[in-house]
Protein chains: 2
Amino acid sequence: MRCFFRVEYEGSDYVGWQYQPNGPSIQAELERAFSTVVRENCKVVGAGRTDAGVHARAQGAHVDLPSGIDLCKCQLSVNALLPAAVAVYGMRKVADSFHARFSARRRRYRYYMMERKTPLWRRRAWMVFHTVNWERVRDNAQACVGTHDFSAFCRSSTDTENMVCTVEQAALERRGEVWVFSIQADRFVYTMVRSVVGTLVDIGRGRLTESFASILAARDRARVGETAPARGLVLDYVSYDEVA
Amino acid sequence: MRCFFRVEYEGSDYVGWQYQPNGPSIQAELERAFSTVVRENCKVVGAGRTDAGVHARAQGAHVDLPSGIDLCKCQLSVNALLPAAVAVYGMRKVADSFHARFSARRRRYRYYMMERKTPLWRRRAWMVFHTVNWERVRDNAQACVGTHDFSAFCRSSTDTENMVCTVEQAALERRGEVWVFSIQADRFVYTMVRSVVGTLVDIGRGRLTESFASILAARDRARVGETAPARGLVLDYVSYDEVA
């Protein structure tokens, strides 16, 4: 019985979504909890493999469980076994053809920035100590929208990977003391959001003088700015046709 | 030269504002940082002595520094020395008669509650797993407003302490998935906010059938509900006549 569920996690103390030999992963925590509850080995598949230190509010995932299991009780038991930094919710039965990664239609990431040292946000935001022209960041962010080759913003070196992403939305808004950059696309390449945010901030603080549109069109890694730190990034939502 | 400043801290890993033999305190962190920067022993006085695990957004404090010191540079140096969980801001010179505790006119606390396991809020909110009638909580909260003897809501046993507080405002609002209880008063007694919140939630979930007004009037500790956990509490603001 294939089951879909959402995962929220604070990634600060994890090596990322995926197994790594060098520390605990979100995937391993989930598989351990599910396997304990249903008493057989479970494999968990996620929509996106977030990096070390990156968080998620509504990551999408699936797991195959013994048929007939009570999903409401299972979710409660799994949450009780999981550490405080990881929670599952919205568990439901889906078709066997459903796949958390391949069925995902779009992903939304949010990146949080603050302009001073803020202890209450220290695990969730990038402290940008420079003077930034946020209007310029907002204007340049618009150039993300559309179908583009994001290879210059990808840190992985595989030439074979598809680097074309269709960005539906890119926006910067202020919520109280926090600057929130939201970006929604059909897919993302490795470190894309952090690389886009770092480049936009470099433009906003005048460290880069070229426009974002021109950097994007050049497809040259050397013209891209800094990679923003992992702690400010949240995989905010993954959308599917099959589930709400 | 007496200096006022504000302090933001995430109290999760601290024994509280004040020195304790059993672990690190916010006060000790601040005094260590100030003493290192100005190269003489500094004593820091805060407006409120928050408990272990309680946070602050705008605690008020003062410190006496050698006259002529550059406050802007001093604040930068102190923040660089302080751990990520503590930050100072808004540092300015005040009159020698100013006292962070005795000059404080009012304090505002906020208490954060969530209804499910939420990793991204795990250090900042109380997970209330029970079914709560929040309308009833909101209605009962109004009974806090006014001048009352809060001795039943105080966990300390000193009979001599003044237990009368004037509450100017008490409100419950929903922000996204979070329930925020705000309370503003001239002063608070020990564990008052956590005891008020615990009692209101006990009323909201039907565990207590008496109204908050009647519990408050009775001044009997036995009729008060649970004490809500420290992690949901933030000393949100301290107001002074002398500083903005």
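1. Buried is used here for a residue with under 20% relative accessible area, exposed for one over 50%, and partly exposed for what falls in between. The model is a predicted one. With a relative accessibility of 1%, A:Asp202 therefore counts as buried. A:Asp202 belongs to helix α4 of chain A, which runs over residues 192-204. Beyond the residues up to four places away in sequence, A:Asp202 touches A:Arg207, A:Leu208, A:Gly225 and A:Glu226.

2. Symmetry of the two chains. Two copies of a chain are related by a rotation about an axis and a shift along it.

3. The largest pocket. Its volume is about 1100 Å³. The lining consists of 41 residues, and those closest to the centre of the pocket are A:Trp121, A:Arg124, A:Val178, B:Trp121 and B:Arg124. Which elements give two or more residues to this lining? In chain A they are β5 (104-114), β9 (178-185) and β10 (233-240), and in chain B they are β5 (104-114) and β10 (233-240). Sorted by class, the lining has 22 charged, 15 nonpolar and four polar residues.

4. The largest cavity. The count of cavities of 30 Å³ or more comes to one, and the volume of the largest cavity is about 30 Å³. Its lining is made by B:Met113, B:Val137, B:Leu172, B:Phe181, B:Val197, B:Leu200 and B:Val201. Helix α4 of chain B (residues 192-204) gives the most to this lining, with three residues. By class, the lining of the cavity has seven nonpolar residues, no polar ones and no charged ones.

5. Helix α3 of chain A. Which residues of this helix are buried? Within α3 (residues 134-141) of chain A, they are A:Trp134, A:Val137, A:Asn140 and A:Ala141. Seen down the axis of α3(A), the buried residues fall within an arc of 125°, so they line one face of the helix. An α-helix has 3.6 residues a turn, so residues three or four places apart point the same way. The cover over the buried residues of α3(A) includes β5, β8 (164-175), β9, α4 and α5 (212-218) of chain A.

6. Positive phi values. Most residues other than glycine have a negative phi. A:Thr191 has a phi near 60°, a positive value in a residue other than glycine. A:Thr191 sits in the loop between β9 and α4 of chain A and, at 8% relative accessibility, counts as buried. A:Arg219 also has a positive phi, near 50°, and is likewise a residue other than glycine. A:Arg219 is placed in the loop between α5 and β10 of chain A. Is A:Arg219 buried or exposed? Its relative accessibility is 52%, so A:Arg219 counts as exposed.

7. A:Thr227. The loop between α5 and β10 of chain A holds A:Thr227, which is partly exposed with a relative accessible area of 24%. Leaving aside neighbours within four places in sequence, A:Thr227 is in contact with A:Arg155, A:Arg194, A:Ser195 and A:Arg221. Between A:Thr227 and A:Trp121 there are 19 Å in space, C-alpha to C-alpha, the two being 106 residues apart in sequence.

8. Two strand residues. A:Gly146 is part of strand β7 (residues 146-149) of chain A and counts as partly exposed, at 22% relative accessibility. Not counting residues up to four places away in sequence, A:Gly146 touches A:Cys165, A:Thr166 and A:Val167. The C-alpha atoms of A:Gly146 and A:Arg101 are separated by 22 Å, with the residues 45 apart along the chain. In chain B, B:Ser239 is found in strand β10 and is buried, with a relative accessible area of 17%. With neighbours within four places in sequence left aside, B:Ser239 is in contact with B:Ala104, B:Arg105 and B:Arg106.

How values were computed. Residues numbered from 1 in each chain as written. Chains lettered and ligands numbered in written order. Predicted model: local features only at pLDDT ≥ 70, side-chain atom pairs only at ≥ 80, totals over all residues. Heavy atoms only, no water. Helix = DSSP H or I, 4+ residues; strand = E, 2+ residues; numbered from the N terminus. Buried < 20%, exposed > 50% of the residue type's maximum accessible area, 1.4 Å probe, protein only. Contact = heavy atoms within 4.5 Å. 1 Å grid on protein atoms, 1.4 Å probe; cavity = no way out; pocket = protein on both sides within 12 Å on 5 of 7 lines; lining within 4 Å. Points joined across faces, edges and corners; volume = space filled by probe spheres on them. Nonpolar A, V, L, I, M, F, W, Y, C, P; charged D, E, K, R; others polar. Arc of directions from axis to C-beta.
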